[in-house]
Amino acid sequence: MEYTYYLFYNSGSGGNRGQQFLQLDQKELSFYIKESNCRVKFYNICDSISREVGLQQIMKQRLENIHVVMAGGDGSIMWIVELLLQHQVNIHSCIIIPFPFGTGNDFANTLGWGTSVPNDVIGMDNVVLKGFVEEWIEGVESYFDVWDVDIRLQQGGFISEIKRNENGVGESKLQLKDQRYYKQMINYFSIGVDARIGFGFDKNRTSNQCCNKCVYCWEGFKKMFLRTPKVNQSIENIHNLNEDDYLESGLLQKSKDQIVVPGNPVNLLCLNINSYAGGLKNIWLNAQQNQVKSYSNIPSISDGLLEILSFNSILGLGSERLIPGQATRLSQSGGPLKLNFKQNELLRTYFQIDGQYFSITNPSSVLIRSCQTLPQGKIRVLINKKGLLK
């Protein structure tokens, strides 16, 4: 048996830990594991020449199972998927394997690959890397849902993110076409105070993972004393565009003539996976049951459903890791799900997609639906059953 793994690495991920692969760029290592010949080929996804060499090699393959390893953070996963699509590779012939080199790594964590890797993956006799290759051989493939997030702005509205350059750190407005921002989502989407905490975290994050946890806690503490619009202060209404899904009777309540989210929560969270905010797990299973409707579906990465929850306070959000059960279940939905924002006043709030944080001024709507550029809205992934979240 022979295995070939095309390993694309993001040299800037996880405090630049991915740079250890630079010495092997466009080279390969061979291992003999369990009577199988295994080859690992290395390509820098941040370098146009290196990644093109790797993509061209993949394009030449006529196999049903092409193993593509992405060494980086959660954001790097869709980067390699988009590159494969651009090169007209049959995406369902590729099995994506996350190699958790980023900060949060919730995607890798959900699939059983953990939230971090040792600093010396390339070390003496490549023993650490060989151990991962052995786990890849034993992995089990599955399909994985991908979602489109389409954000529309009112006239004069804008979106900002935190950018770092030689001049320092600061907010930078995104250059948008037709007042629209589009991004694919594999982990989660949220709007509200958790995204504001993350936005502040991006301003002050360091290259040290332990220090970053302290920075995140400090940002959460500060936001307890700042006013962030609650969900019902920013969202006018929520509609499920699939008539077969009775979202409005399950997620929403009517207060006078206005449809509101129960509990007047500080955020709205749409989960695609069983991991959030760098390893916070089982939020849906532990969450309080909304009195409006009960749900029996156990979350799955391939069921075509999002789990929609909310937190009623920053304190509840912050204590979920220590005292599970602070969230409230609202609905499970296959979408399309549309959030319409209040239009008659200046509104600034915050949102995140897969741990990337944004400030948004005068939003109009957010549409979340199954990814339109992927067959059945899914990719193929490899699961490490030994490391699955319990």
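**Helices, cores and buried residues in the predicted model**

At the start of helix 2, the backbone nitrogen of I49 lies within 3.2 Å of a side-chain oxygen of D47. The structure described here is a predicted model. Helix 2 covers residues 48–59, 12 residues in total. From first C-alpha to last, helix 2 reaches 16 Å, close to the 16 Å expected at 1.5 Å a residue. Its buried residues are S50, G54, L55 and I58. Viewed down the axis of helix 2, these buried residues fall within an arc of 130°, so they line one face of the helix. The cover over the buried residues of helix 2 includes strand 1 (2–9), strand 3 (36–44), strand 4 (66–72) and helix 3 (74–86).

Helix 5 (residues 127–138) also has 12 residues. Its span from the first C-alpha to the last is 17 Å, close to the 16 Å expected at 1.5 Å a residue. Buried residues in helix 5 are L129, F132, V133, W136 and I137.

In soluble globular proteins, nonpolar side chains tend to be buried together. The largest nonpolar core in the model has 76 residues. Within this core, the residues that touch the most other members are L7, F8, F21, I80, F99, L129 and W136. Leaving out residues up to four places away in sequence, F8 touches Y43, I45, R51, G54, L55, I58, V68, V69, M70, A71 and I80. Another core, of 29 residues, lies apart from the largest one and has L268, L330, L347 and I360 among its members.

Two histidines were examined in the loop between helix 3 and strand 5, namely H87 and H92. H87 counts as buried because its relative accessibility is 17%, under the 20% cut-off. With residues up to four places away in sequence not counted, H87 touches E52, L55, Q56 and M59. H87 and E52 are 35 residues apart along the chain, and their C-alpha atoms are separated by 9.6 Å.

H92 is buried as well, with a relative accessible area of 14%. Its side chain reaches the backbone oxygen of K378 at 2.8 Å. K378 is also among the residues that H92 touches, together with E64, Y143, P375, Q376, I379 and R380, when residues up to four places away in sequence are not counted. Between H92 and Y143 the sequence separation is 51 residues, while the C-alpha to C-alpha distance is 9.1 Å.

S160 belongs to strand 7 (residues 147–165). This serine has a relative accessibility of 4% and therefore counts as buried. Apart from neighbours within four places in sequence, S160 is in contact with E171, S172, K173, F199, Y357, F358 and S359.

C270 counts as buried at 1% relative accessibility, and C371 counts as buried at 2%. A disulfide is a covalent bond between the sulfur atoms of two cysteines. A search of the whole structure finds 0 disulfides.

Key:
Residues numbered from 1 in each chain as written. Predicted model: local features only at pLDDT ≥ 70, side-chain atom pairs only at ≥ 80, totals over all residues. Heavy atoms only, no water. Helix = DSSP H or I, 4+ residues; strand = E, 2+ residues; numbered from the N terminus. Expected span 1.5 Å × (residues − 1). Buried < 20%, exposed > 50% of the residue type's maximum accessible area, 1.4 Å probe, protein only. Arc of directions from axis to C-beta. Contact = heavy atoms within 4.5 Å. Polar contact = N/O pair within 3.5 Å; in protein donor to acceptor, adjacent residues only side chain to side chain. Disulfide = S-S within 2.5 Å. Core = buried A, V, L, I, M, F, W, Y, C linked by side-chain atoms within 4.5 Å.
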